Amino acid sequence: MPEAQPSGRPAGHGRVLAALALAQFICSFAGSNMNVMINDISADLDTTVQGVQVAITVFLLVMAALMIPGGKLTDRYGRKRCFLTGLVVYAIGALLSAASPGLGVLILGNSILEGIGTALLIPPVYILTTLLYPDVTSRARAFGVIMALGGIGAAAGPLIGGLITTAISWRAAFVFQALVIAVIVLLSRRMDDPLPPDPTRSFDTAGAVLSAAGLVLVVMGILAADDNIWLTIGLLVLGALVLWWFFRSVRAKEAAGREPLLSLALFRVRRSNLGLVTQNVQWLVLMGSSFTVAAYLQVVRGYDAIETGVIFTAATLGLLISSLCAERLAARHTQRTLIMAGFLMCIAGVVVLIALAAAFSTAWAFVPGLALVGLGLGVMLTPSVNVVQSSFPEAQQGEISGLSRSVSNLGSSFGTAIAGTILVAGLTRGAYAAALIVLAVLSVGGLIAAALLPEEARPAGTPAAGTTAPRAQH
């Protein structure tokens, strides 16, 4: 492990942390910036709002489906190599999206290649952070920076995307992504991998195919809900059967002494399981509310890309303020308390979004609700990640990072698919309220999961540097 400074911050890793945080920023940005381009892309590529929704959801789905295999590959090929490979694949996808003549090429570039690139580069972000920052205080600070930029990327995506789309073109937003990737590559030149790769590690190809196919079928089933309910039921049942097959194969491989794609031991830690649920719901609410509000503002209220983006500044500022306070909040409150407080603020924010939109026609009616959602997400994103990552030793960081990111991105996919399906089925005020009510109900589920987290020792001021994170609880 690198030598640490007295503050707990590893020496000479400022550039590395900047690279890791920017990587999380651009991947989160890619998931939300298209929300304000719905009308522009639909008109330019001769497609529909539903077509753009499919492109956004498939991008999030590819990330979720491949994040577990991506995390596993870091053990075999090394975290730095996977990180840089993911950046290159992502940049190629961004440039292809910028030049796309139709929806098909946009899906190939944005949804497929950018999704694959993200699945390769995001697990190393969380593994490297966990390994380079071994004590609770410095790790909370590092994850605070990463989650702040990730949340800002998702929340500010509509504003940045709107500015670029209005000033130049929606295609320039993809060029912007490629330029940010170039900056990340430059910052990563001196990145060190704390653990050497192990080329002898096996890779469960069959498990990767089964897990990806199961997740794809489940999300596609949700997307089909507004067209054919029987198709939805069929896809959901088939997806559940494929996932059951996947877990059965994992159990058989472990019994035979072989290494599966995902160890079942990861699901035997109650603290981590509940943390994963909270992560899933957090990103579901963030992406679901972002798509719902952005689509409603543009299609129903008639706002353009930049007007929609400016309204979303409220969520960005709320998330930025609370995320940058992550270290201070972690020193004063337990992670369980912070996650519960975050969900309460999100639920309040969704209720305000529904109430004020019904009462007022002005754009300012959306600001208080978005600000509350942003504040709530910023409060709980970092502790949720810390709860999961800190529950396992170094040897399992590759697996848990892949699982953690897969669960989070699956939440993003569910959020866009569920809220988008309800909204697109009838772009009216009633559909807008119905989509947000579903998100509020799911937030209550996240709040319950947070309340069930095991009690922690209450922080007494700032934790002493050198305090190590808890190991797995079996």
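The model is predicted.

Start with the whole chain. The protein has 17 helices and zero strands. It holds 474 residues, and 58% of them are buried.

Next come the helix pairs. Two packed helices are described by the angle between their axes and the distance between the axes.

H10 spans residues 270-300, and H14 spans residues 335-359. Their axes come within 12 Å and cross at roughly 25°. Angles under 35 degrees count as roughly parallel, so H10 is roughly parallel to H14. The crossing of H10 past H14 is left-handed. From H10, the contact draws on Arg271, Thr278, Val281, Gln282 and Val293. H14 contributes Gln335, Ile339, Phe343 and Leu353. Sorted by class, the contact of H10 with H14 has five nonpolar residues, three polar and one charged.

The second pair is H5 and H7. H5 covers residues 103-132, and H7 covers residues 170-187. Here the axes come within 13 Å, with a crossing angle of roughly 30°. H5 and H7 are therefore roughly parallel to each other. H5 also passes H7 in a left-handed crossing. On the H5 side, the contact uses Leu106, Asn110 and Glu114. On the H7 side, it uses Trp170, Phe174 and Gln177. This contact of H5 with H7 divides into three nonpolar, two polar and one charged residues.

H3 runs over residues 49-77, and H4 over residues 79-98. The range from 65 to 115 counts as roughly perpendicular, and over 145 as roughly antiparallel. Leu73, Thr74, Asp75 and Tyr77 of H3 meet Arg79, Arg81 and Cys82 of H4. By class, the contact of H3 with H4 has three nonpolar, one polar and three charged residues.

Now for single residues. Ser443 sits in helix H17, residues 429-451. Is Ser443 buried or exposed? Its relative accessibility is 0%, so Ser443 counts as buried. Leave out residues up to four places away in sequence, and Ser443 touches Val281, Val285, Phe343 and Ile347.

Val385 lies in helix H15, residues 367-389. Val385 is buried too, at 1% relative accessibility. Which residues does Val385 touch, not counting those up to four places away in sequence? They are Tyr126, Phe143, Met147, Gln279 and Arg405.

Leu403 is placed in helix H16, residues 397-424. With a relative accessible area of 5%, Leu403 is buried. Beyond residues up to four places away in sequence, Leu403 touches Ile68, Leu262, Leu266, Phe267 and Leu276. The C-alpha atoms of Leu403 and Val388 are separated by 9.8 Å, and the two residues lie 15 residues apart along the chain.

Asp46 gives a contrast. Asp46 is in the loop between helix H2 (38-44) and H3. Its relative accessible area is 72%, so Asp46 is exposed. The backbone of Asp46 has a phi near 55°, a positive value in a residue other than glycine.

The cysteines come last. A disulfide is a covalent bond between the sulfur atoms of two cysteines. How many disulfides are there when a pair of cysteine sulfur atoms must lie within 2.5 Å? The count comes to zero disulfides. Cys27 is buried, with a relative accessible area of 5%. Cys346 is buried as well, at 1% relative accessibility.

Methods: Residues are numbered from 1 along each chain as its sequence is written. This is a predicted model: local features need pLDDT of at least 70, side-chain atom pairs count only at pLDDT 80 or more; totals for chains, interfaces and linings use all residues. Side-chain values use heavy atoms; hydrogens and water are left out. Axes are lines fitted to C-alpha atoms, for helices over the stretch in contact, and angles run from 0 to 180 degrees between N-to-C directions. Helices (H or I, at least four residues) and strands (E, at least two) are DSSP runs, numbered from the N terminus. A crossing is left-handed if the near helix is turned anticlockwise from the far one by less than a right angle, and right-handed if clockwise. Contact means heavy atoms within 4.5 Å. Ala, Val, Leu, Ile, Met, Phe, Trp, Tyr, Cys and Pro count as nonpolar, Asp, Glu, Lys and Arg as charged, and the others, Gly among them, as polar. A disulfide is a pair of cysteine sulfur atoms within 2.5 Å. Buried means under 20% relative accessible area, exposed over 50%, partly exposed in between (1.4 Å probe, protein chains only).
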